[in-house]
Amino acid sequence: MKSIAVIIVAAGRGQRAGGGLPKQYRVLAGMPVLRRTIDILRRALPNALMRVVIHPDDQSLYASAVEGLSVPPAVFGGDTRQASVFNGLKSLSAEAPDIVLVHDAARPFIDRGLIQRLLDALHSGAEAVIPALAVTDTLKTVEQGIIVNTVDRSGLYSVQTPQAFVFKTLLAAHCQVEGQQLTDDGAVIEAAGVEIAIREGDERNFKLTHLADFGKAETQIMMQTADIRVGSGYDVHRFTSGDSLCLCGIEVPFSKSLKGHSDADVALHAITDAILAAVAAGDIGTHFPPSEEKWAGVSSHVFLEHAADIVREKSGLIAHITVCIICEAPKIGPHVQKMRHKIADILKINIDRISVQATTTERLGFTGREEGIAAHATATVRLPMGAYNE
Ligand code: CTP
Ligand code: MG
């Protein structure tokens, strides 16, 4: 078995995407671009060493983008992509893997099949292999806004990343051409005079370059997660003596409290169950049995985070949450915005995807008699289309 390393270059400034927050840290369908890229590569190559090359100014952006993922400390990049890759390669010299894949953080749609084609090529003796797509559009040379020539497109390809190399070959080539401004590692290898093989690229694996590419990427994610599931959850907790209760993760002052094994946040429990139902992953009791002492007094956002993690594990996303809190008192209305913010924060989704409502039961039933609070929630979850994403 050959050892593999992956270098993700993420030290650019994203000028063409409009400057400001570098494009690799912008949120795409609820997740920073870089996190999506890292996540896909980690799953595709679980045993590979990983190096993420970042700009020294982006350390806190990076820390929040990879929160909860096990990634080694970042490596600092340079002024050019070439310098950033070189730093990534040098950071691997102690481990000296057999194979290295170099990938742009700004390409969050890597296909496993593509990675396999590259690795197969290296295993059959190539020293360098890059994904390429034959150019299909007619090409023109333009001078001062006027077409001067039609270019023969036969033999022309556009290339993508990941690009895969024998580690020693790429490191030696980078040492040779240090200080130039070559825009991909294929060009570095060419300059060193080593032969490069190509394998079929993937149209979906495009690079986020301009602002409009973000819209295209959102659409692509929606198309890839078109298996739409709806789940519902219901929970009840009875009142007990106290002076506040926990609802949707916030403390609401009241003349009573809610009784329960955890913090008795009836609304977060209903939402957790709705998400688990949407992905057919059991219910809150399956994951956090009340019989287990360790869940006593636990803050319910832990349960909700766990349900959201299950969705992410499946490469899905939470499209929408509604929760209806059923009680005569306390009044929920004044707290609704804060509750929506809190849920959005826990689930790491946009607040416009969260609705919190409340109703009384016209003094009927146990909620009407003010014996407790009930909550009903619905979750809409998008999952990848089965075979397409395997
Ligand atoms: N990159 C890098 N170090 C640099 C320049 C680029 O690590 N000095 C990375 C980018 O973060 C990106 C990849 O190389 O993931 C491809 O580069 P590009 O699309 O050009 O990104 P930016 O340089 O950030 O964008 P722009 O050229 O529009 O400023
Ligand atoms: Mg650039």
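A search of the whole structure finds 13 salt bridges. In a salt bridge, a side-chain nitrogen of Lys or Arg lies within 4 Å of a carboxyl oxygen of Asp or Glu. Side chains of opposite charge can pair when their charged atoms come close.

Before you click, note that this is a predicted model, where local features need pLDDT of at least 70, side-chain atom pairs count only at pLDDT 80 or more, and totals for chains, interfaces and linings use all residues. Residues are numbered from 1 along each chain as its sequence is written, chains are lettered from A and ligands numbered from 1 in the order in which they are written, and side-chain values use heavy atoms, with hydrogens and water left out.

**Stop 1: two salt-bridge sites**

Select Asp 58 and Arg 13. They form a salt bridge, with the closest N and O atoms 2.4 Å apart. Asp 58 sits in the loop between β4 (49–54) and α2 (59–65), and Arg 13 in the loop between β1 (4–10) and β2 (27–28), so the pair links distant parts of the chain, 45 residues apart. Helices (H or I, at least four residues) and strands (E, at least two) are DSSP runs, numbered from the N terminus. Asp 58 counts as buried because its relative accessibility is 2%. Arg 13, at 28%, counts as partly exposed. Buried means under 20% relative accessible area, exposed over 50%, and partly exposed in between (1.4 Å probe, protein chains only).

Now select Asp 104 and Arg 81. Their closest N and O atoms are 2.9 Å apart, in another salt bridge. Asp 104 lies in strand β6 (residues 99–104) and Arg 81 in helix α3 (residues 81–90), so the pair ties together parts that are 23 residues apart in sequence.

**Stop 2: strand β17**

Select residues 317–326. This is strand β17; eight of its ten residues are buried, so the strand is largely enclosed by the rest of the structure. Which way does strand β19 (residues 372–383) pair with β17, parallel or antiparallel? The two pair in the antiparallel sense, over nine bridges. Two strands pair if DSSP finds at least two bridges between them. Find Thr 322, which stands opposite Thr 378 in β19.

Strand β18 (residues 354–359) runs parallel to β17, joined by six bridges. Here Ile 325 stands opposite Ala 358. Follow the chain from β17 through helix α11 (residues 336–347) to β18: this β-α-β crossover is right-handed. That means that, with the strands pointing away from the viewer, the path from the first strand over the helix to the second runs clockwise.

**Stop 3: backbone details**

Select Pro 330, in the loop between β17 and α11. The peptide bond from Ala 329 to Pro 330 is cis, with omega near 5°. Next, go to Pro 162, in the loop between β10 (157–159) and β11 (163–166). The bond from Thr 161 to Pro 162 is also cis, with omega near 5°.

Then select Ala 280, in the loop between α8 (266–278) and α9 (284–287). Ala 280 has a positive phi of about 50° although it is not a glycine. Is Ala 280 buried or exposed? Ala 280 is exposed, with a relative accessible area of 66%.
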